[in-house]
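Dear colleague,

I am handing over the structure we spoke of, and I would be grateful if you could look through it alongside the notes below.

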Amino acid sequence: MTAQHHDDPHRLASAEIVVGIDGSEAADLAVRWAAETASQRGRGLRIVHGLDLAAAGAVYGIYDVIMPPVIDAIRREGADLVRTARRLAHRVDPTLTVETEVSEANPAHLLIELSETAHLVAIGAQGEGGTLSHLGSTLLAVASHGRGPVVAVRDTGTEQQTRRIGPVVLGADAGPVSSAAVAAAFAESSERNTQLVAVHAWSDLYYDRFAGLPYTITDHDAETAGQAILAEQLAGWQEKYPDVQVIRKVYLSRPRRALLEWSRSAQLVVVGSRGRGGFRGLLLGSTSNTLVQTANCPVMVVHPQ
C-alpha cells in the first residue's frame with residue numbers, strides 16, 4: 001500500500017477489524033471473511049455479540065421470578081457464541097490475535113459505537129432480503145448509521161463462500177459522500193492487489209422507456225458526461241495509488257442493475273452511505289440499500305469522516 005492515512009482513525013495500525021455475530025450461518029461467514037482480512041492485513045480481530053438485555057427486560061421484567069434465570073441463560077448463550085466464533089477465526093489463522101466481547105447493549109448500538117475507531121465492521125447478510133432475521137435488522141441499522149466502513153458479508157450464491165479474486169468495484173455517483181467511497185475503494189484495491197472498476201450511471205431513471213422521444217439523452221451524451229464525472233471523482237487518487245489499475249465504466253441509467261451485475265465477478269463492491277442527494281435524513285441511498293441486501297459478494301458501505 002503506497003498511500004498514507006495518518007489522519008484517518010480507521011487506517012491506524014491499532015484499528016481492529018470488528019465482526020458482529022448472532023450464531024447464524026451468515027455470521028459464521030462474516031467471521032471467516034473478517035478473520036481472513038485481519039490475517040492478511042496484520043490486524044487484530046474483535047468478535048462482538050450484543051445481548052440487548054433491555055429488550056429482554058421489557059418482555060420478561062414483569063415476571064420477577066423468572067427474570068434472573070432468563071438473563072443468566074442469555075448471558076451463557078452469548079458466551080458460547082463468541083467462544084465458537086473465536087475457534088472459527090483461529091481455524092482461518094491460528095496465530096491471529098482475537099478478542100471477544102459480550103455486551104448487554106443493543107447489538108446495533110454496540111457496533112455503531114465500535115465503528116468509530118474500527119478498521120472496518122463486518123456483519124453477515126443472509127438470503128435475498130436479510131431483513132427478517134435479528135442480525136439482518138442490525139445490519140441495516142449499522143450500514144445506515146455507522147461511523148466508518150461497514151461490510152455486509154454476502155456469499156457468492158448458495159455455497160456460503162466469499163470471492164478472493166476479481167476486481168474491487170466502486171459505485172461512483174458524484175454525490176457529496178462519494179469521495180469517501182473513492183478513497184476506500186482505492187485502498188481496498190491496493191490491499192487486495194487487484195483492479196479497481198469505477199462504475200458510474202448517468203441517471204437513476206430508466207431511460208430506455210423514453211427511447212426515441214425528443215431531447216432524450218443519447219448513449220454518447222451520457223458517456224461523455226459520465227467520463228467527465230469519473231475523471232473529477234478519481235482525480236489525484238491514481239497518483240496516490242500507482243499500483244492500482246483503474247477501469248472506468250459508464251452506463252446511461254440503472255446503477256443498481258449495473259452494480260449487481262458486477263457483483264457476480266467482484267470480490268468487493270464499495271459504495272457511499274447515501275445517494276446523489278446526500279440527505280442526512282435518509283438511512284441509506286437506494287442503491288446502497290439494494291446492494292446490501294441482494295449483491296453477490298461482500299458490500300462495503302463507506303461513511304464520510
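What follows is a short account of what was found in it, from the whole chain down to single residues.

Please keep in mind throughout that this is a predicted model. The chain has 305 residues, of which 51% count as buried, and it holds 10 helices and 10 strands. Among the contacts between residues at least 6 apart in sequence, 80% join residues that are at least 24 apart.

If its neighbours within four places in sequence are left aside, Val 270 is in contact with Val 168, Val 169, Leu 170 and Gly 171, with Ala 181, Ala 184 and Ala 185, and with Met 300 and Val 302.

The axes of helix α9, which spans residues 255-262, and helix α10, which spans residues 286-294, come within 10 Å of each other and cross at roughly 30 degrees; because angles under 35 degrees count as roughly parallel, α9 is described as roughly parallel to α10. The crossing of α9 and α10 is right-handed. On the α9 side the contact is made by Pro 255, Arg 256, Leu 259 and Leu 260, and on the α10 side by Ser 286, Thr 287, Thr 290, Leu 291 and Thr 294.

Leaving aside its neighbours within four places in sequence, His 10 is in contact with Ala 15 and Arg 43, with Ser 115, Glu 116, Thr 117, Ala 118 and His 119, and with Arg 147, Gly 148 and Pro 149.

Arg 83, by contrast, lies in helix α3 (residues 67-92) and is partly exposed, with a relative accessible area of 45%. Arg 83 and Glu 101 are separated by 18 residues in sequence, and their C-alpha atoms are 10.0 Å apart in space.

How values were computed. Residues are numbered from 1 along each chain as its sequence is written. This is a predicted model: local features need pLDDT of at least 70, side-chain atom pairs count only at pLDDT 80 or more; totals for chains, interfaces and linings use all residues. Side-chain values use heavy atoms; hydrogens and water are left out. Contact means heavy atoms within 4.5 Å. Axes are lines fitted to C-alpha atoms, for helices over the stretch in contact, and angles run from 0 to 180 degrees between N-to-C directions. Helices (H or I, at least four residues) and strands (E, at least two) are DSSP runs, numbered from the N terminus. Angles under 35 degrees count as roughly parallel, over 145 as roughly antiparallel, 65 to 115 as roughly perpendicular and the rest as oblique. A crossing is left-handed if the near helix is turned anticlockwise from the far one by less than a right angle, and right-handed if clockwise. Buried means under 20% relative accessible area, exposed over 50%, partly exposed in between (1.4 Å probe, protein chains only).
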